[in-house]
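This report describes selected features of one protein chain. The sequence and the structure are shown first, and the description follows.

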Amino acid sequence: MMTRAFSPAADRNKDPILRILSKELRSDETVLEIGSGTGQHACYFARKIPGITWQPTELKDNLAALQSVIAEEHVENVLDPFELDVNSSAWPDIDADICYTCNTFHIVGIESIESMFKGIKQNLASNGKFFVYGPFSINGQHTSQGNARFDQQLRSSNPHSSIQDLHAVDSIATELGFFTCRYTEMPANNLFVTWEW
Ligand SMILES: C[S@@+](CC[C@H](N)C(=O)[O-])C[C@H]1O[C@@H](n2cnc3c(N)ncnc32)[C@H](O)[C@@H]1O
């Protein structure tokens, strides 16, 4: 039996994120999640907002572990996880209105972020929303000393990884036809950012 991975961060941020999703999501909407990780958010949010349909996705190497968690949890409105690498895979054939991703922007790098926005525009239903949770800098300034230190750690561990600047990401999003970048400050110096298209 595979040992199930557990993300303490996903456990800590699930309720603050749920409070926003509960207000933002209509009860019949379908959410495509990019980089579902341990599947904790998929199961938690789908149980708490039962009308929605949640499509988890992961990179090929992480997919089997995620599929096994989702199968064990038996949450009726969570679909079987799909492979999705925003840079290369075919996107799921799904009529999703919403895209959600948590703590991926500072991992994947700006080119993959651009791929996410392009993939969303090309593959999801029109007039949707993209929800992004994670750390951002604003106008080149870190929002805390902790984020500045975290950014250094990210940069030294992987050349693609760093805390992204909200306005730099918003420029890419705007070029690709997204609008209305708004954000809510979240615990531990994270933001919950919404783009629409
Ligand atoms: C820090 S983890 C966050 C996982 C989960 N969202 C959470 O909040 O616990 C970053 C996730 O991004 C995924 N990821 C990395 N590169 C990716 C890519 N190119 N396309 C899609 N997902 C990617 C990883 O597999 C990993 O699950």
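## Salt bridges

Asp28 is exposed, because its relative accessibility of 52% lies over the 50% that sets the limit for this class. The model discussed here is a predicted one. The side chain of Asp28 meets that of Arg26 in a salt bridge, with an N to O distance of 3.3 Å. Arg26 counts as partly exposed, at 48% relative accessibility. Arg26 also forms a salt bridge with Glu29, and here the closest N and O atoms are 3.4 Å apart. Glu29, in turn, is buried, with a relative accessible area of 7%. Side chains of opposite charge can pair when their charged atoms come close.

In total, the structure holds 11 salt bridges. Another of them joins Arg182 and Glu196, whose closest N and O atoms are 2.9 Å apart. This pair links distant parts of the chain, since Arg182 belongs to strand β9 and Glu196 to strand β10, 14 residues apart. Arg182 counts as partly exposed, with 30% relative accessibility.

## Aromatic pairs

The structure holds 13 aromatic pairs. One of these is formed by Phe45 and Tyr100: the ring centres are 5.8 Å apart and the planes stand at 90 degrees, so the pair is edge-to-face. Phe45 lies in helix α2 (residues 40-48) and Tyr100 in strand β5 (residues 98-102), so the pair ties together parts that are 55 residues apart in sequence. Both Phe45 and Tyr100 are buried.

Tyr100 also pairs with Trp54; the centres of these rings are 5.4 Å apart and the planes are at 65 degrees, so this pair too is edge-to-face. Trp54 counts as buried, at 0% relative accessibility, and Tyr100 is buried with a relative accessible area of 0%. Ring pairs also link Phe105, Phe117, Phe130, Phe136, Phe178, Trp195 and Trp197 into a cluster. A ring can also have a charge over it: the charged end of Lys14 sits over the ring of Tyr44, 4.9 Å from its centre.

## Helix α7

Helix α7 spans residues 166-175, and its buried residues are Leu166, Val169, Ile172 and Ala173. These residues cover an arc of only 130 degrees around the axis, which puts them on the same side of α7. An α-helix has 3.6 residues a turn, so residues three or four places apart point the same way. The elements that cover the buried residues of α7 include the helices α4 (105-108) and α5 (110-123). Strands also take part in this cover, among them β7 (136-137), β8 (164-165), β9 (179-186) and β10 (190-196).

The N-terminal end of α7 is capped by Asp165, which has a side-chain oxygen 3.1 Å from the backbone nitrogen of His167. After α7 comes Gly177, with a positive phi near 100 degrees.

## Thr57 in strand β3

Thr57 is placed in strand β3 (residues 57-58). This residue is buried, with a relative accessible area of 0%. A polar atom of the Thr57 side chain lies 2.6 Å from the backbone oxygen of Glu33.

Neighbours within four places in sequence left aside, the contacts of Thr57 include Leu32, Glu33, Ile34, Gly35 and Ser36. Thr57 is also in contact with Leu66, Phe82, Leu84 and Pro92.

## Asn123 in helix α5

Asn123 is found in helix α5, one of the elements that cover the buried residues of α7. With a relative accessible area of 32%, Asn123 is partly exposed. A polar atom of its side chain lies 2.8 Å from the backbone oxygen of Gly119.

When residues up to four places away in sequence are not counted, Asn123 touches Trp91 and Ile94. Asn123 and Ser88 are 35 residues apart in sequence, and the distance between them in space is 14 Å, C-alpha to C-alpha.

Definitions and conventions
Residues numbered from 1 in each chain as written. Predicted model: local features only at pLDDT ≥ 70, side-chain atom pairs only at ≥ 80, totals over all residues. Heavy atoms only, no water. Buried < 20%, exposed > 50% of the residue type's maximum accessible area, 1.4 Å probe, protein only. Helix = DSSP H or I, 4+ residues; strand = E, 2+ residues; numbered from the N terminus. Arc of directions from axis to C-beta. Contact = heavy atoms within 4.5 Å. Polar contact = N/O pair within 3.5 Å; in protein donor to acceptor, adjacent residues only side chain to side chain. Phe/Tyr/Trp six-rings, centres within 6.5 Å; stacked < 30°, edge-to-face > 60°. Lys NZ or Arg CZ within 6 Å of the ring centre and 35° of its normal. Salt bridge = Lys/Arg side-chain N within 4 Å of Asp/Glu carboxyl O.
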